[in-house]
Amino acid sequence: MNQFIHVQKGIKKIMIAQIVAIVSTVFSSVLSFLLLLLGINVSSAEYSGPELIWIMIYAVLGFFSVVAIVVTMIISIWGFLQASKDEPEFKKAMICTAVSGTVLVFGSVFHIPNGAIYTILTSVASIVEMFVAIFGLSGMIIIADRCERSDVKASGNFWMKIMVLTYFIISINALVIRIFELSSQARMISAIFGVFDLVLSASQYIIFWMYSRKVLHMLKHYQEG
Amino acid sequence: MSKFIQFLYHKKVFLAQQTWMVPACFGLSCVLTVSGVILLALRGFEGVHPEWMFSMGADIFCMAICTMLCFSQTLNRKNRSEDTYVFVTLLTTCALALFLDQASWLVQGNAALRYLNLTVNVLFYMLGSILIYLFWKYIRGALKLYDLPMQIADLFVTAMLFPSLLLCLINFFYPLFFEVSAEGVYQRAAQWDVSQVYLSITLAVVLVAITFAKASRKERLVAISFIAIPLLNQLLTSTSFGISTQYAAMTVSIVLIYGVLFADREKTLASTEMELGVAAKIQVDMLPRSFPFLPERPEFDLYASMTPAKEVGGDFYDFFMVDDGHLALVMADVSGKGIPAALYMMSSKILIKNTVMTGKSPGEVLKAVNRELCQNHEQEMFVTVWLGILNLFDGTLVSANAGHEYPILKTPDGDFELIKSKHGFVLGGFPGLKYKETVTQLQPGSKLFLYTDGVPEAENETHEQYGFDRFLHTLNKNRDDTPENLLAAVRNNVKHFTQDHAQFDDLTMLCVHYRGSNMKELTIDAAVENIALVTDFVTEELEKMNCPLKAQTQIAVAIDELFGNIANYAYTPDIGKATVRVTFEQEPLSVIITFIDNGKPFNPLEQSDPDIHASIDERKQGGLGIFLVKKTMDMVEYECVDGQNILKIKKNLE
């Protein structure tokens, strides 16, 4: 039985993309956290001495971060496109991935010159990313339903709600970070929330990755009959 | 937690059903518009920059538009839905935002009104979040975005509203988004962009929802315009302090939404209403409504009613005499609503009646009708049917059930109870199905109650169903009432239970009170040797009524003549069946004997009477027997109905 062969291949690619995204997120978040701790304001127009070195490191790693985002985006789109041959719901996730990635890359360009546009665009990208997760999980839930696996379906519904809850907390987090980061006194608070943000973001990718693995196992057993 | 959410849901439903909301919103919009004009007049134009005048002018103009749209919704009472209330709330909130925008310019630069300036701007920012939230709600309702991803997105947007409003309130104490200087001048703060986050994420949710909604391109473009027009306005005016036409731009979008989405919906509603009107007329016209049905038949009393729901369903009932001694009862429920259900109902009803009239038993009728429905109907509709044929003479009820509700029966000395007889599958589902028959013996005084699922499944505001317990309790409370009063009692009880909650299904009921029959019937071979049997049968009944001997003798002679004629001539050379019925009438006490056969049509009354005054030689042969019958009986009638010879004789016994 080769009924869900495209979904299987697609999910495998999405899982690879998730791993790249986890690494990229951890990396860039750690760097931002360090910059916050060191009191270096990326938006500032004047840098001196050691600050300049850190800014250059940030810029280079920022570039790689953008590259990682693009790579993640391409692999995810490829994976969702392949999976959508068996289940159309994945097409929505694919479109949202493209939009989210584009907005994120565009927003990153504004990070230094205009923090306001950066804030808005990253908020939008975050929400569209939420829909990537929702539609991606929704597609896998539908596959579980078609395979008559109510346990996997119920698990998917549960993790979808958890995922949205984490996005909600991340959104609140982002507001708090933005409010406190401009104040030198509150930078530590901002940094703590930044760590919390990092943990939540990483957990989202892990949740998605683990559920994808569960669905892959389910499909493997389904194929075996 | 779930009880709390349920409470909030019912509060929402409660608010949505309050008809005062629309006129109240209209009133508020009026007040805001007039106040805006008055405040501007009172303040005067001193110190007002031309850009501020432009903004305030746009605000007043758009408030007037919001007021007029609210007014149109106030007049349009008939077609209000939950979306109407959201739309009107959206309009009023927009009008309020416009008023606050105007007010902020009126107090700008006035040191004495610094705190008023602060308050107005805080409310202005809060309304921005509320407005975009209301727009999301409206679009969700208009585009029917109710699947799981959108439900979750809705929860997210609702949850994010509260921190957004809280951050706006913080501005009273700390200049988070803006500050108002001691001179009363407003300016944006460093974290002003945070105020746009909720707006941005909700707009992102709306864009995703619109992109994937199952809506026409026109609807999607109009919905996107709500975002595009204010966004375009923002891009054009953001660099210029003094021109704040964001909400004016939003009003333009709302008008566009109203013009396209709403007007489209009104057109669809009007066309649907017309369709429903036609469907309702078909349904009502098809149902027999003339009561009492056959009042001259003392064996039964019958009443039926159908109270239609707002959206016409396909419930129907039917009752008709199959022949002189058999009453057919039908209770049915067609799947679906509107004109298709009404037409399916019509064809099912006609099919059932025509098939019953061919003489088939209930099970055979349902089998034949099912075959017909499966062959000729492609809409994938079906109908549940309970069909019964009641023998009025002996109370035997033969019934068959195709997926319908169980009938309720009350014995003469007992209570109303559900009769859980065998169920077949619905009609129109699968071809070739058979339907088992159930035979029930009704005693005189029994009551049979038929209904559709609209009765037990009627819901109140908390979505609790009426249920069978309440149903049976109501019937038993009024067990001795006539069928008409029983139906009224159930109807009133259901209405009392549901209160103002809209009835979503038809309430269809039929009740038969079987009184029993004093008619006795004998069907026997029409043979000469059976004349004695027939005479004994009739005599036995006559003796029960203390019939005088003379009358008995005359009747015996009449039977001898009439049954003898049937035996000798009706089926010659074959032998067929003949039925003899005996019925008694009171005041005066009389007996009616009916002879029924399916032989050659013959009216014995057409024969001319013999000349009894002529001599035996001159007199023609034959006719004397009939003459005697005519003379001794008080009434002799003949009719031929559907090939049956029916001859009735009546004799007073007093």
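Which residue does B:Lys349 meet in a salt bridge? A few notes on that and the rest of the model follow.

1. Ground rules. This is a predicted model, with pLDDT of at least 70 needed for local features and 80 or more for side-chain atom pairs to count, while totals for chains, interfaces and linings use all residues. Residues are numbered from 1 along each chain as its sequence is written, chains are lettered from A and ligands numbered from 1 in the order in which they are written, and side-chain values use heavy atoms, with hydrogens and water left out.

2. The opening question. B:Lys349 meets the side chain of B:Asp318 in a salt bridge, at 3.5 Å from N to O. The pair ties together distant parts of the chain: B:Lys349 sits in helix H10 (residues 338-356) of chain B and B:Asp318 in strand E4 (residues 314-323) of chain B, 31 residues apart. Both B:Lys349 and B:Asp318 are buried. For the cut-offs, a salt bridge is a side-chain nitrogen of Lys or Arg within 4 Å of a carboxyl oxygen of Asp or Glu. Buried means under 20% relative accessible area, exposed over 50%, and partly exposed in between, with a 1.4 Å probe and protein chains only. Helices (H or I, at least four residues) and strands (E, at least two) are DSSP runs numbered from the N terminus.

3. Other salt bridges. The rule gives 15 salt bridges over all chains. One of them joins B:Arg479 to B:Asp415, at 2.5 Å from N to O. Here too distant parts of the chain are linked: B:Arg479 is in the loop between H12 and helix H13 (483-498) of chain B, B:Asp415 in the loop between strand E8 (408-410) and strand E9 (416-418) of chain B, 64 residues apart. B:Arg479 counts as partly exposed because its relative accessible area is 26%, and B:Asp415 is partly exposed at 36%. Shared partners also join B:Lys137, B:Arg140 and B:Asp154 into one salt-bridge network. In chain A, A:Asp145 pairs with A:Lys153 at 3.6 Å, N to O; A:Asp145 is partly exposed at 45% relative accessibility, and A:Lys153 is partly exposed at 30%.

4. B:Asn476 lies in helix H12 (residues 467-477) of chain B and counts as buried because its relative accessibility is 15%. Leaving aside neighbours within four places in sequence, B:Asn476 is in contact with B:Asp415 and B:Phe416, where contact means heavy atoms within 4.5 Å. That brings back B:Asp415, the salt-bridge partner of B:Arg479.

5. B:Asn460 is in the loop between strand E11 (446-451) and H12 of chain B, and is buried with a relative accessible area of 11%. Its side chain reaches the backbone nitrogen of B:Glu464 at 2.9 Å. Not counting residues up to four places away in sequence, B:Asn460 touches B:Phe497, B:Thr498 and B:His501.

6. The A/B interface. Chain B and chain A bury about 2300 Å² between them, 87% of it on carbon and sulfur atoms; buried area is the accessible area (1.4 Å probe) that two parts lose on being put together, summed over both. H6 and helix H7 (197-212) of chain B each supply at least two residues of the side of chain B that touches chain A. The largest share of that side, ten residues, comes from H6(B). In total, 23 residues from chain B and 30 residues from chain A take part in the contact.

7. B:Leu169 lies in helix H6 (residues 148-170) of chain B and is partly exposed, with a relative accessible area of 34%.

8. Chain B overall. Chain B has 16 helices and 17 strands, and buried residues make up 52% of its 654 residues. Its accessible surface comes to about 31500 Å², with 59% belonging to carbon and sulfur atoms; accessible areas come from the Shrake-Rupley method with a 1.4 Å probe, and for residues only the protein chains shown count as cover.

Definitions and conventions. Polar contact = N/O pair within 3.5 Å; in protein donor to acceptor, adjacent residues only side chain to side chain.
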